[in-house]
Amino acid sequence: MKKGPLGLLLILAASLSAGVAQNSNAIPPETKAQRDARMTWWRDARFGMFIHWGLYALPAGAWHGQPVSGNGEWIMNKAQISVADYAALTSQFNPVKFKATSWVRIAKAAGMKYIIITAKHHDGFAMFNSAASPFNLVAATPFHRDPLKELAAACAVEDLRLGFYYSQSQDWHHRGGAGNFWDASQAGDFDAYLDAVAVPQVRELLSNYGPISMLWYDTPRRMTEERAAKFLPLHALQPGIIVNNRLRTPDPRDGSTIGDTETPEQYVPPNGYPGKDWETCMTMNDTWGFKKDDQNWKSADDLIRKLSDIASKGGNFLLNVGPDALGEIPAPSVERLQAVGAWLQRNGAAIYGTQAGPFACRLPWGRTTQRGNTLYLHVWEWPTDGQLLLPGVHHLPVKGAATDSPAGIVVKLPPGPMDKPVSIAALEFARPVITTRTLPTVGPDGRVTLAIADAEITGGEVAGDVASFTNRWKLQYSFSTPAEKLWRVSVEVSPSAYNRITVSAPGPFGRSLTAAFQAWGKGPGDFTTVELGVLALEAGVHSFEIKSEMDELRPLQIRRISLEPVPQ
Ligand code: FHN
(Lines give C-alpha, C1' and ligand atoms only; values in the text may rest on other atoms or scores of the structure.)
Protein backbone atom coordinates (compact mmCIF):
# COMPACT_ATOMS: atom_id res chain seq x y z
CA MET A 1 0.00 0.00 0.00
CA LYS A 2 1.22 3.47 -0.81
CA LYS A 3 0.77 6.37 1.57
CA GLY A 4 -0.95 9.36 0.07
CA PRO A 5 0.15 12.97 0.54
CA LEU A 6 -0.50 14.01 4.09
CA GLY A 7 -2.35 17.30 4.13
CA LEU A 8 -4.16 15.81 7.08
CA LEU A 9 -3.68 12.90 9.41
CA LEU A 10 -4.06 9.90 7.22
CA ILE A 11 -3.97 6.21 7.75
CA LEU A 12 -4.22 3.87 4.84
CA ALA A 13 -5.55 0.43 5.54
CA ALA A 14 -6.01 -2.44 3.17
CA SER A 15 -9.56 -3.73 3.17
CA LEU A 16 -9.53 -7.30 2.05
CA SER A 17 -11.83 -9.04 4.51
CA ALA A 18 -15.18 -9.25 2.82
CA GLY A 19 -16.54 -8.56 -0.59
CA VAL A 20 -13.39 -9.79 -2.30
CA ALA A 21 -13.59 -10.31 -5.99
CA GLN A 22 -13.72 -13.56 -7.90
CA ASN A 23 -12.04 -14.00 -11.25
CA SER A 24 -12.78 -17.57 -12.09
CA ASN A 25 -14.74 -20.55 -11.03
CA ALA A 26 -12.26 -23.35 -10.93
CA ILE A 27 -14.79 -25.77 -9.48
CA PRO A 28 -15.47 -27.43 -11.89
CA PRO A 29 -14.38 -25.99 -15.25
CA GLU A 30 -17.56 -25.39 -17.19
CA THR A 31 -19.12 -23.38 -20.01
CA LYS A 32 -21.17 -20.26 -19.34
CA ALA A 33 -24.36 -22.17 -20.19
CA GLN A 34 -23.47 -24.92 -17.71
CA ARG A 35 -22.68 -22.38 -15.05
CA ASP A 36 -25.94 -20.51 -15.67
CA ALA A 37 -27.83 -23.80 -15.34
CA ARG A 38 -26.02 -24.60 -12.10
CA MET A 39 -26.73 -21.14 -10.64
CA THR A 40 -30.38 -20.91 -11.74
CA TRP A 41 -32.07 -22.07 -8.53
CA TRP A 42 -29.85 -19.79 -6.46
CA ARG A 43 -30.41 -16.73 -8.65
CA ASP A 44 -34.16 -17.32 -8.53
CA ALA A 45 -34.17 -17.86 -4.77
CA ARG A 46 -33.01 -14.36 -3.71
CA PHE A 47 -33.61 -15.03 0.01
CA GLY A 48 -31.98 -17.57 2.33
CA MET A 49 -31.53 -18.27 6.03
CA PHE A 50 -28.07 -18.25 7.62
CA ILE A 51 -27.92 -20.17 10.91
CA HIS A 52 -25.04 -19.66 13.33
CA TRP A 53 -25.47 -22.34 15.96
CA GLY A 54 -22.81 -23.90 18.12
CA LEU A 55 -21.48 -24.43 21.64
CA TYR A 56 -21.13 -20.66 21.99
CA ALA A 57 -24.93 -20.44 22.37
CA LEU A 58 -24.44 -21.78 25.90
CA PRO A 59 -22.34 -18.93 27.37
CA ALA A 60 -24.50 -16.65 25.18
CA GLY A 61 -22.10 -13.72 25.34
CA ALA A 62 -21.03 -13.89 29.01
CA TRP A 63 -18.12 -15.62 30.74
CA HIS A 64 -17.88 -16.02 34.52
CA GLY A 65 -20.82 -13.66 34.78
CA GLN A 66 -19.13 -10.90 32.79
CA PRO A 67 -20.39 -9.74 29.41
CA VAL A 68 -17.89 -10.37 26.62
CA SER A 69 -17.76 -7.87 23.77
CA GLY A 70 -17.97 -8.87 20.12
CA ASN A 71 -19.94 -11.52 18.31
CA GLY A 72 -21.37 -14.36 20.40
CA GLU A 73 -19.63 -17.04 18.31
CA TRP A 74 -16.25 -15.38 19.01
CA ILE A 75 -16.51 -15.71 22.82
CA MET A 76 -13.75 -18.33 23.08
CA ASN A 77 -11.38 -15.94 21.33
CA LYS A 78 -12.56 -12.71 22.92
CA ALA A 79 -12.47 -14.06 26.49
CA GLN A 80 -9.35 -16.14 25.69
CA ILE A 81 -10.96 -19.27 27.05
CA SER A 82 -8.62 -22.25 27.17
CA VAL A 83 -9.27 -25.23 24.91
CA ALA A 84 -9.98 -27.39 27.99
CA ASP A 85 -12.42 -24.92 29.60
CA TYR A 86 -14.31 -24.36 26.36
CA ALA A 87 -14.49 -28.09 25.64
CA ALA A 88 -15.96 -28.60 29.12
CA LEU A 89 -19.09 -26.79 27.88
CA THR A 90 -19.99 -29.91 25.93
CA SER A 91 -21.22 -31.71 29.04
CA GLN A 92 -23.97 -29.08 29.45
CA PHE A 93 -24.94 -28.64 25.81
CA ASN A 94 -28.27 -30.39 25.43
CA PRO A 95 -30.55 -28.52 23.00
CA VAL A 96 -33.62 -30.60 23.72
CA LYS A 97 -35.98 -28.08 22.12
CA PHE A 98 -34.30 -28.36 18.72
CA LYS A 99 -36.81 -29.39 16.07
CA ALA A 100 -35.54 -29.34 12.52
CA THR A 101 -39.03 -29.14 11.05
CA SER A 102 -39.80 -26.01 13.11
CA TRP A 103 -36.69 -24.23 11.86
CA VAL A 104 -37.32 -25.22 8.26
CA ARG A 105 -40.96 -24.12 8.49
CA ILE A 106 -39.94 -20.77 9.96
CA ALA A 107 -37.58 -20.27 7.02
CA LYS A 108 -40.18 -21.39 4.52
CA ALA A 109 -42.91 -19.16 5.97
CA ALA A 110 -40.45 -16.26 5.75
CA GLY A 111 -40.20 -16.89 2.02
CA MET A 112 -36.64 -18.18 2.27
CA LYS A 113 -35.61 -20.75 -0.31
CA TYR A 114 -32.44 -22.12 1.25
CA ILE A 115 -30.66 -22.61 4.55
CA ILE A 116 -26.95 -22.40 5.29
CA ILE A 117 -26.00 -23.70 8.74
CA THR A 118 -22.67 -23.60 10.57
CA ALA A 119 -21.42 -27.19 10.49
CA LYS A 120 -18.26 -26.05 12.26
CA HIS A 121 -17.38 -22.49 13.23
CA HIS A 122 -14.01 -21.09 14.36
CA ASP A 123 -14.37 -22.73 17.80
CA GLY A 124 -13.74 -26.07 16.06
CA PHE A 125 -16.87 -27.76 17.40
CA ALA A 126 -18.61 -29.92 14.81
CA MET A 127 -22.39 -29.72 14.93
CA PHE A 128 -22.57 -33.11 13.23
CA ASN A 129 -21.45 -36.69 13.65
CA SER A 130 -17.80 -36.69 12.65
CA ALA A 131 -15.39 -39.60 12.57
CA ALA A 132 -12.58 -37.10 12.03
CA SER A 133 -12.87 -35.59 15.51
CA PRO A 134 -14.65 -36.54 18.74
CA PHE A 135 -15.19 -32.82 19.40
CA ASN A 136 -18.67 -33.02 17.95
CA LEU A 137 -22.26 -32.78 19.09
CA VAL A 138 -23.04 -36.47 18.76
CA ALA A 139 -19.97 -37.84 20.54
CA ALA A 140 -19.29 -35.15 23.13
CA THR A 141 -22.66 -33.92 24.39
CA PRO A 142 -25.61 -35.50 26.19
CA PHE A 143 -27.71 -34.60 23.14
CA HIS A 144 -26.19 -37.36 20.96
CA ARG A 145 -28.29 -36.35 17.93
CA ASP A 146 -27.05 -35.06 14.58
CA PRO A 147 -29.02 -31.86 13.81
CA LEU A 148 -27.62 -31.65 10.30
CA LYS A 149 -29.12 -35.06 9.46
CA GLU A 150 -32.45 -33.92 10.83
CA LEU A 151 -32.28 -30.64 8.96
CA ALA A 152 -31.40 -32.41 5.71
CA ALA A 153 -34.50 -34.60 6.12
CA ALA A 154 -36.75 -31.64 6.98
CA CYS A 155 -35.44 -29.58 4.05
CA ALA A 156 -36.15 -32.47 1.70
CA VAL A 157 -39.76 -32.65 2.94
CA GLU A 158 -40.34 -28.88 2.74
CA ASP A 159 -38.44 -28.50 -0.53
CA LEU A 160 -35.78 -26.08 0.71
CA ARG A 161 -32.16 -26.25 -0.37
CA LEU A 162 -29.54 -26.94 2.30
CA GLY A 163 -25.95 -25.74 2.47
CA PHE A 164 -23.17 -25.94 5.04
CA TYR A 165 -20.93 -23.24 6.46
CA TYR A 166 -17.51 -24.65 7.35
CA SER A 167 -14.61 -22.75 8.95
CA GLN A 168 -11.77 -24.44 7.12
CA SER A 169 -8.90 -22.37 8.41
CA GLN A 170 -9.69 -20.94 11.81
CA ASP A 171 -10.10 -23.71 14.34
CA TRP A 172 -9.30 -22.73 17.91
CA HIS A 173 -9.67 -26.28 19.29
CA HIS A 174 -7.76 -28.69 17.07
CA ARG A 175 -3.99 -28.56 17.11
CA GLY A 176 -2.58 -26.47 14.29
CA GLY A 177 -5.87 -24.77 13.34
CA ALA A 178 -5.47 -21.06 12.64
CA GLY A 179 -6.45 -18.26 14.99
CA ASN A 180 -5.78 -19.51 18.53
CA PHE A 181 -3.02 -17.27 19.94
CA TRP A 182 -3.93 -17.61 23.63
CA ASP A 183 -3.64 -21.33 24.42
CA ALA A 184 -0.26 -22.91 23.71
CA SER A 185 -1.72 -26.40 24.06
CA GLN A 186 -3.45 -25.91 20.70
CA ALA A 187 -0.25 -25.12 18.79
CA GLY A 188 0.57 -27.43 15.90
CA ASP A 189 1.10 -27.77 12.19
CA PHE A 190 -1.52 -26.06 10.02
CA ASP A 191 -1.19 -28.50 7.12
CA ALA A 192 -1.48 -31.46 9.48
CA TYR A 193 -4.70 -29.90 10.84
CA LEU A 194 -6.09 -29.46 7.32
CA ASP A 195 -5.27 -33.08 6.46
CA ALA A 196 -6.56 -34.59 9.69
CA VAL A 197 -9.63 -32.45 10.42
CA ALA A 198 -10.79 -29.91 7.85
CA VAL A 199 -10.49 -31.94 4.68
CA PRO A 200 -11.99 -35.14 6.19
CA GLN A 201 -14.85 -33.17 7.75
CA VAL A 202 -15.73 -31.42 4.49
CA ARG A 203 -15.68 -34.87 2.87
CA GLU A 204 -18.10 -36.12 5.54
CA LEU A 205 -20.39 -33.14 5.03
CA LEU A 206 -20.52 -33.67 1.30
CA SER A 207 -20.97 -37.45 1.59
CA ASN A 208 -23.34 -38.16 4.46
CA TYR A 209 -26.20 -35.68 4.18
CA GLY A 210 -27.81 -36.24 0.78
CA PRO A 211 -27.94 -33.37 -1.69
CA ILE A 212 -26.01 -30.33 -0.43
CA SER A 213 -26.56 -27.23 -2.50
CA MET A 214 -23.97 -24.85 -1.11
CA LEU A 215 -20.67 -24.82 0.71
CA TRP A 216 -19.89 -21.63 2.59
CA TYR A 217 -16.22 -21.34 3.59
CA ASP A 218 -15.03 -18.50 5.81
CA THR A 219 -11.99 -16.47 6.94
CA PRO A 220 -9.42 -18.06 4.60
CA ARG A 221 -6.38 -17.21 6.73
CA ARG A 222 -3.23 -18.95 5.47
CA MET A 223 -5.26 -20.63 2.73
CA THR A 224 -2.84 -20.59 -0.18
CA GLU A 225 -3.66 -21.97 -3.60
CA GLU A 226 -1.94 -25.26 -2.68
CA ARG A 227 -3.95 -25.59 0.50
CA ALA A 228 -7.21 -24.71 -1.24
CA ALA A 229 -6.40 -27.45 -3.76
CA LYS A 230 -6.83 -30.04 -0.98
CA PHE A 231 -10.55 -29.15 -0.87
CA LEU A 232 -11.37 -28.66 -4.53
CA PRO A 233 -11.69 -32.37 -5.47
CA LEU A 234 -14.20 -32.86 -2.65
CA HIS A 235 -16.67 -30.52 -4.33
CA ALA A 236 -17.20 -33.12 -7.04
CA LEU A 237 -18.97 -35.23 -4.40
CA GLN A 238 -21.94 -32.88 -4.87
CA PRO A 239 -22.36 -32.19 -8.58
CA GLY A 240 -23.89 -28.75 -9.05
CA ILE A 241 -22.80 -27.45 -5.66
CA ILE A 242 -22.33 -23.70 -5.33
CA VAL A 243 -19.24 -22.60 -3.41
CA ASN A 244 -18.67 -19.10 -2.04
CA ASN A 245 -15.48 -17.07 -2.53
CA ARG A 246 -13.86 -17.59 0.85
CA LEU A 247 -11.94 -20.84 0.42
CA ARG A 248 -8.65 -19.26 -0.58
CA THR A 249 -6.97 -15.98 0.35
CA PRO A 250 -7.27 -13.41 -2.42
CA ASP A 251 -4.35 -13.38 -4.83
CA PRO A 252 -2.06 -10.59 -3.59
CA ARG A 253 -1.34 -9.60 -7.20
CA ASP A 254 -4.89 -8.65 -8.13
CA GLY A 255 -7.19 -9.52 -5.23
CA SER A 256 -8.85 -12.31 -7.20
CA THR A 257 -10.02 -15.54 -5.64
CA ILE A 258 -12.04 -18.59 -6.62
CA GLY A 259 -15.65 -19.52 -6.09
CA ASP A 260 -19.12 -18.75 -7.38
CA THR A 261 -20.38 -15.94 -5.21
CA GLU A 262 -19.21 -12.61 -3.89
CA THR A 263 -19.95 -12.34 -0.18
CA PRO A 264 -20.38 -8.77 1.05
CA GLU A 265 -20.91 -9.00 4.79
CA GLN A 266 -23.20 -6.74 6.80
CA TYR A 267 -23.66 -4.26 3.94
CA VAL A 268 -25.41 -3.87 0.62
CA PRO A 269 -22.94 -2.86 -2.08
CA PRO A 270 -24.30 0.35 -3.62
CA ASN A 271 -24.22 -1.01 -7.16
CA GLY A 272 -24.17 -4.75 -6.46
CA TYR A 273 -21.55 -6.64 -8.47
CA PRO A 274 -22.72 -6.22 -12.07
CA GLY A 275 -22.27 -9.45 -14.02
CA LYS A 276 -21.43 -11.48 -10.89
CA ASP A 277 -23.41 -13.58 -8.47
CA TRP A 278 -23.41 -12.11 -5.00
CA GLU A 279 -25.03 -12.55 -1.64
CA THR A 280 -25.15 -10.11 1.25
CA CYS A 281 -25.06 -11.92 4.58
CA MET A 282 -26.37 -9.95 7.52
CA THR A 283 -27.36 -10.28 11.15
CA MET A 284 -30.77 -9.26 12.47
CA ASN A 285 -29.23 -7.84 15.65
CA ASP A 286 -25.48 -7.30 16.20
CA THR A 287 -24.31 -10.90 16.55
CA TRP A 288 -24.28 -14.06 14.45
CA GLY A 289 -24.21 -16.57 17.33
CA PHE A 290 -26.76 -16.22 20.15
CA LYS A 291 -26.05 -13.53 22.74
CA LYS A 292 -28.68 -13.12 25.39
CA ASP A 293 -28.09 -9.40 25.93
CA ASP A 294 -28.13 -8.36 22.29
CA GLN A 295 -31.55 -6.83 21.72
CA ASN A 296 -30.48 -4.38 19.01
CA TRP A 297 -32.88 -5.76 16.42
CA LYS A 298 -33.35 -4.33 12.97
CA SER A 299 -37.01 -3.66 12.31
CA ALA A 300 -39.02 -5.86 9.96
CA ASP A 301 -39.54 -2.81 7.72
CA ASP A 302 -35.79 -2.32 7.52
CA LEU A 303 -35.26 -5.99 6.60
CA ILE A 304 -37.94 -5.85 3.90
CA ARG A 305 -36.33 -2.75 2.40
CA LYS A 306 -32.96 -4.45 2.51
CA LEU A 307 -34.39 -7.41 0.61
CA SER A 308 -35.91 -5.03 -1.95
CA ASP A 309 -32.62 -3.12 -2.21
CA ILE A 310 -30.54 -6.29 -2.65
CA ALA A 311 -32.90 -7.76 -5.26
CA SER A 312 -32.83 -4.43 -7.13
CA LYS A 313 -29.08 -4.83 -7.48
CA GLY A 314 -29.25 -8.47 -8.55
CA GLY A 315 -28.12 -10.09 -5.31
CA ASN A 316 -29.30 -12.58 -2.70
CA PHE A 317 -30.03 -11.86 0.95
CA LEU A 318 -28.71 -14.41 3.44
CA LEU A 319 -30.30 -13.33 6.69
CA ASN A 320 -28.96 -14.77 9.93
CA VAL A 321 -30.61 -16.32 12.95
CA GLY A 322 -28.70 -17.41 16.06
CA PRO A 323 -30.62 -20.15 17.88
CA ASP A 324 -30.16 -20.48 21.64
CA ALA A 325 -28.60 -23.31 23.62
CA LEU A 326 -31.90 -25.15 23.86
CA GLY A 327 -32.25 -25.12 20.11
CA GLU A 328 -34.82 -22.40 19.61
CA ILE A 329 -34.69 -19.46 17.22
CA PRO A 330 -35.13 -16.29 19.33
CA ALA A 331 -38.69 -14.93 19.28
CA PRO A 332 -37.70 -11.45 17.93
CA SER A 333 -36.14 -13.18 14.91
CA VAL A 334 -39.23 -15.30 14.34
CA GLU A 335 -41.51 -12.25 14.53
CA ARG A 336 -39.43 -10.38 11.95
CA LEU A 337 -39.26 -13.37 9.66
CA GLN A 338 -43.04 -13.71 9.81
CA ALA A 339 -43.42 -10.08 8.75
CA VAL A 340 -41.00 -10.48 5.85
CA GLY A 341 -42.81 -13.68 4.82
CA ALA A 342 -46.19 -11.92 4.88
CA TRP A 343 -44.84 -9.14 2.67
CA LEU A 344 -43.33 -11.70 0.27
CA GLN A 345 -46.65 -13.54 0.10
CA ARG A 346 -48.13 -10.38 -1.39
CA ASN A 347 -45.13 -9.15 -3.34
CA GLY A 348 -42.89 -12.14 -4.06
CA ALA A 349 -43.33 -11.68 -7.82
CA ALA A 350 -41.14 -8.58 -7.57
CA ILE A 351 -38.34 -10.52 -5.84
CA TYR A 352 -38.09 -14.18 -6.87
CA GLY A 353 -36.58 -14.93 -10.26
CA THR A 354 -36.04 -11.24 -10.97
CA GLN A 355 -32.98 -9.43 -12.18
CA ALA A 356 -31.43 -6.14 -11.14
CA GLY A 357 -33.41 -3.07 -12.14
CA PRO A 358 -32.16 -1.18 -15.19
CA PHE A 359 -31.37 2.12 -13.46
CA ALA A 360 -27.74 2.91 -12.85
CA CYS A 361 -28.66 5.96 -10.81
CA ARG A 362 -30.31 6.05 -7.41
CA LEU A 363 -34.05 6.53 -7.62
CA PRO A 364 -35.24 8.92 -4.92
CA TRP A 365 -38.53 7.05 -4.46
CA GLY A 366 -37.31 3.44 -4.21
CA ARG A 367 -35.94 0.54 -6.24
CA THR A 368 -36.79 -1.60 -9.28
CA THR A 369 -36.39 -5.20 -10.39
CA GLN A 370 -37.33 -6.75 -13.71
CA ARG A 371 -38.29 -10.06 -15.20
CA GLY A 372 -38.49 -10.22 -18.98
CA ASN A 373 -40.65 -7.32 -20.14
CA THR A 374 -42.05 -6.62 -16.68
CA LEU A 375 -40.57 -3.84 -14.61
CA TYR A 376 -41.39 -3.90 -10.90
CA LEU A 377 -41.40 -0.56 -9.15
CA HIS A 378 -40.56 -0.96 -5.46
CA VAL A 379 -42.00 2.23 -4.02
CA TRP A 380 -40.43 3.11 -0.67
CA GLU A 381 -41.53 6.76 -0.57
CA TRP A 382 -45.00 7.23 -1.98
CA PRO A 383 -45.06 10.38 -4.14
CA THR A 384 -47.38 13.07 -2.79
CA ASP A 385 -48.63 13.84 -6.32
CA GLY A 386 -48.96 10.14 -7.19
CA GLN A 387 -46.39 10.47 -9.99
CA LEU A 388 -43.10 8.62 -10.36
CA LEU A 389 -40.39 9.50 -12.82
CA LEU A 390 -38.52 6.66 -14.52
CA PRO A 391 -35.47 8.62 -15.66
CA GLY A 392 -34.08 7.80 -19.07
CA VAL A 393 -36.97 5.47 -20.05
CA HIS A 394 -38.59 6.70 -23.22
CA HIS A 395 -41.01 4.00 -24.25
CA LEU A 396 -44.43 3.63 -22.73
CA PRO A 397 -45.63 0.45 -21.04
CA VAL A 398 -48.22 -1.69 -22.77
CA LYS A 399 -49.91 -2.19 -19.38
CA GLY A 400 -49.86 0.59 -16.76
CA ALA A 401 -50.62 4.33 -16.91
CA ALA A 402 -47.67 6.54 -17.92
CA THR A 403 -46.84 9.60 -19.99
CA ASP A 404 -43.59 10.58 -21.66
CA SER A 405 -41.50 13.58 -20.58
CA PRO A 406 -38.03 14.82 -21.59
CA ALA A 407 -36.53 13.28 -18.41
CA GLY A 408 -38.27 9.94 -18.88
CA ILE A 409 -41.72 8.47 -18.53
CA VAL A 410 -43.93 9.51 -15.63
CA VAL A 411 -46.00 6.76 -14.06
CA LYS A 412 -49.34 7.57 -12.51
CA LEU A 413 -50.00 5.76 -9.22
CA PRO A 414 -53.06 5.49 -6.99
CA PRO A 415 -53.36 8.19 -4.30
CA GLY A 416 -51.82 6.32 -1.34
CA PRO A 417 -49.33 3.50 -0.66
CA MET A 418 -50.68 0.07 -1.54
CA ASP A 419 -48.46 -1.73 0.97
CA LYS A 420 -45.89 -1.11 3.67
CA PRO A 421 -42.93 -0.59 3.89
CA VAL A 422 -42.57 -1.17 0.15
CA SER A 423 -45.42 -1.07 -2.40
CA ILE A 424 -44.98 -2.91 -5.66
CA ALA A 425 -46.34 -1.70 -8.99
CA ALA A 426 -45.75 -3.84 -12.08
CA LEU A 427 -45.43 -2.27 -15.51
CA GLU A 428 -45.49 -4.37 -18.62
CA PHE A 429 -43.48 -3.21 -21.63
CA ALA A 430 -43.22 -4.54 -25.15
CA ARG A 431 -39.52 -5.21 -24.57
CA PRO A 432 -37.13 -5.20 -21.60
CA VAL A 433 -36.46 -1.73 -20.21
CA ILE A 434 -33.05 -0.30 -20.96
CA THR A 435 -32.21 3.14 -19.61
CA THR A 436 -29.96 5.73 -21.10
CA ARG A 437 -28.78 7.06 -17.76
CA THR A 438 -25.20 6.20 -16.89
CA LEU A 439 -23.10 6.18 -13.76
CA PRO A 440 -21.02 9.20 -12.80
CA THR A 441 -17.58 9.00 -14.38
CA VAL A 442 -14.55 11.11 -15.27
CA GLY A 443 -15.61 14.58 -16.46
CA PRO A 444 -13.96 16.89 -19.00
CA ASP A 445 -11.70 18.24 -16.20
CA GLY A 446 -10.29 14.74 -15.64
CA ARG A 447 -11.97 14.44 -12.22
CA VAL A 448 -14.81 12.33 -10.91
CA THR A 449 -17.25 14.64 -9.17
CA LEU A 450 -19.87 13.01 -6.99
CA ALA A 451 -22.87 15.14 -6.08
CA ILE A 452 -25.28 14.50 -3.23
CA ALA A 453 -27.91 13.56 -5.83
CA ASP A 454 -25.67 10.64 -6.86
CA ALA A 455 -25.48 9.27 -3.32
CA GLU A 456 -27.28 6.63 -1.37
CA ILE A 457 -27.62 8.35 2.01
CA THR A 458 -27.95 6.85 5.46
CA GLY A 459 -28.54 9.02 8.49
CA GLY A 460 -28.82 12.48 6.98
CA GLU A 461 -31.16 15.10 5.58
CA VAL A 462 -30.91 16.50 2.07
CA ALA A 463 -31.76 20.08 1.14
CA GLY A 464 -30.82 21.16 -2.37
CA ASP A 465 -27.32 19.95 -3.16
CA VAL A 466 -26.29 19.56 0.48
CA ALA A 467 -26.67 16.69 2.95
CA SER A 468 -26.62 17.54 6.66
CA PHE A 469 -25.63 15.03 9.29
CA THR A 470 -25.89 15.21 13.02
CA ASN A 471 -24.85 11.69 13.95
CA ARG A 472 -23.65 8.41 12.41
CA TRP A 473 -23.90 8.77 8.66
CA LYS A 474 -22.92 7.11 5.42
CA LEU A 475 -22.82 8.11 1.75
CA GLN A 476 -22.57 5.41 -0.89
CA TYR A 477 -21.84 6.00 -4.53
CA SER A 478 -21.34 4.00 -7.68
CA PHE A 479 -19.19 5.44 -10.40
CA SER A 480 -16.90 4.19 -13.09
CA THR A 481 -13.35 5.02 -14.13
CA PRO A 482 -11.92 4.09 -17.51
CA ALA A 483 -8.35 3.32 -16.42
CA GLU A 484 -6.39 2.12 -13.40
CA LYS A 485 -5.14 5.12 -11.45
CA LEU A 486 -4.37 6.68 -8.11
CA TRP A 487 -7.00 9.21 -7.11
CA ARG A 488 -6.71 12.00 -4.57
CA VAL A 489 -10.02 12.11 -2.70
CA SER A 490 -11.37 15.32 -1.26
CA VAL A 491 -14.66 16.32 0.22
CA GLU A 492 -16.42 19.65 0.24
CA VAL A 493 -17.58 19.94 3.77
CA SER A 494 -18.96 22.34 6.30
CA PRO A 495 -17.69 20.95 9.61
CA SER A 496 -17.99 22.29 13.09
CA ALA A 497 -15.43 20.15 14.90
CA TYR A 498 -12.84 17.39 14.70
CA ASN A 499 -14.10 14.51 12.58
CA ARG A 500 -12.90 11.10 11.62
CA ILE A 501 -14.27 9.43 8.51
CA THR A 502 -13.41 6.45 6.37
CA VAL A 503 -13.49 6.20 2.64
CA SER A 504 -13.53 2.79 0.99
CA ALA A 505 -13.90 1.29 -2.42
CA PRO A 506 -13.97 -2.52 -2.06
CA GLY A 507 -12.60 -4.49 -4.99
CA PRO A 508 -9.38 -5.89 -6.34
CA PHE A 509 -7.32 -2.70 -6.01
CA GLY A 510 -9.84 -0.74 -4.05
CA ARG A 511 -8.59 0.12 -0.62
CA SER A 512 -9.94 1.90 2.39
CA LEU A 513 -8.45 4.90 4.07
CA THR A 514 -9.27 6.48 7.36
CA ALA A 515 -8.87 10.19 7.50
CA ALA A 516 -9.13 12.33 10.57
CA PHE A 517 -9.44 16.02 10.06
CA GLN A 518 -9.79 19.07 12.13
CA ALA A 519 -11.44 22.00 10.47
CA TRP A 520 -13.84 24.57 11.73
CA GLY A 521 -16.16 26.58 9.58
CA LYS A 522 -18.57 29.35 10.45
CA GLY A 523 -21.31 26.73 10.72
CA PRO A 524 -23.76 25.35 8.18
CA GLY A 525 -23.20 26.65 4.68
CA ASP A 526 -19.55 27.61 5.19
CA PHE A 527 -17.86 25.07 2.96
CA THR A 528 -14.22 24.16 2.79
CA THR A 529 -12.46 21.47 0.77
CA VAL A 530 -10.72 18.82 2.84
CA GLU A 531 -8.32 16.37 1.29
CA LEU A 532 -8.72 12.83 2.63
CA GLY A 533 -5.97 10.83 0.94
CA VAL A 534 -5.24 8.67 -2.06
CA LEU A 535 -7.12 5.61 -3.30
CA ALA A 536 -5.90 3.14 -5.91
CA LEU A 537 -8.75 2.10 -8.22
CA GLU A 538 -8.69 -0.27 -11.15
CA ALA A 539 -10.72 0.46 -14.28
CA GLY A 540 -14.43 -0.32 -13.98
CA VAL A 541 -17.39 0.26 -11.72
CA HIS A 542 -16.70 1.10 -8.09
CA SER A 543 -18.75 0.85 -4.96
CA PHE A 544 -17.52 3.83 -3.05
CA GLU A 545 -18.46 4.55 0.52
CA ILE A 546 -17.70 7.41 2.87
CA LYS A 547 -18.89 7.38 6.46
CA SER A 548 -18.41 8.76 9.94
CA GLU A 549 -16.24 6.84 12.36
CA MET A 550 -17.22 8.62 15.54
CA ASP A 551 -20.08 7.89 17.89
CA GLU A 552 -20.41 11.34 19.38
CA LEU A 553 -22.44 14.05 17.77
CA ARG A 554 -20.35 15.77 15.08
CA PRO A 555 -22.60 17.98 12.96
CA LEU A 556 -21.40 18.16 9.41
CA GLN A 557 -22.63 19.09 5.95
CA ILE A 558 -21.34 17.58 2.73
CA ARG A 559 -21.82 19.03 -0.75
CA ARG A 560 -19.65 16.95 -3.02
CA ILE A 561 -16.79 14.47 -3.21
CA SER A 562 -14.17 14.74 -5.85
CA LEU A 563 -11.48 12.37 -7.08
CA GLU A 564 -8.57 13.94 -8.88
CA PRO A 565 -6.00 11.81 -10.72
CA VAL A 566 -2.56 11.79 -9.09
CA PRO A 567 0.13 12.48 -11.71
CA GLN A 568 2.40 9.40 -12.01
O1 FHN B 1 -15.72 -14.55 11.76
C2 FHN B 1 -16.88 -14.84 11.05
C3 FHN B 1 -18.13 -14.46 11.79
O4 FHN B 1 -18.14 -15.08 13.03
C5 FHN B 1 -19.33 -14.88 10.97
O6 FHN B 1 -19.35 -16.29 10.80
C7 FHN B 1 -19.29 -14.22 9.63
C8 FHN B 1 -20.42 -14.59 8.70
O9 FHN B 1 -20.14 -14.22 7.41
N10 FHN B 1 -18.05 -14.55 8.92
C11 FHN B 1 -16.82 -14.28 9.65
C12 FHN B 1 -16.34 -12.91 9.49
O13 FHN B 1 -16.20 -12.55 8.15
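**Notebook: a walk through a predicted model**

Helices here are DSSP runs of H or I with at least four residues, strands are E runs of at least two, and both are numbered from the N terminus.

A note on what I am looking at: this is a predicted model, where local features need pLDDT of at least 70, side-chain atom pairs count only at pLDDT 80 or more, and totals for chains, interfaces and linings use all residues. Residues are numbered from 1 along each chain as its sequence is written, and side-chain values use heavy atoms, with hydrogens and water left out.

**Helix α4**

Next I looked up which residues of α4 (residues 100-109) are buried, and I found Ala-100, Trp-103, Val-104 and Ala-107. Buried means under 20% relative accessible area, exposed over 50%, and partly exposed in between (1.4 Å probe, protein chains only). These residues sit on the same side of α4, because they cover an arc of only 95 degrees around the axis. The arc is taken from the directions from the helix axis to the C-beta atoms. Among the elements covering them are β3 (47-51), β6 (114-120) and α6 (147-158); contact here means heavy atoms within 4.5 Å.

**The ligand**

I then turned to the ligand, which 14 residues surround. The closest are His-52, Glu-73, His-122, Asp-218 and Glu-265. A residue counts as near if one of its heavy atoms lies within 4 Å. I sorted the shell into six nonpolar, four polar and four charged residues. In this scheme Ala, Val, Leu, Ile, Met, Phe, Trp, Tyr, Cys and Pro are nonpolar, Asp, Glu, Lys and Arg are charged, and the others, Gly among them, are polar.

The protein covers 89% of the 330 Å² of accessible area that the ligand has on its own (Shrake-Rupley method, 1.4 Å probe).

**Loops**

I found Asp-277 in the loop between β10 (256-258) and β11 (279-282). Asp-277 is buried, at 7% relative accessible area. Its side chain makes a polar contact of 2.6 Å with that of Arg-35; such a contact is a pair of N or O atoms within 3.5 Å, and within protein one must be able to donate a hydrogen and the other to accept it, while residues adjacent in sequence count only if both atoms are side-chain atoms.

Ala-60 is not a glycine, yet its phi is positive, near 55 degrees.
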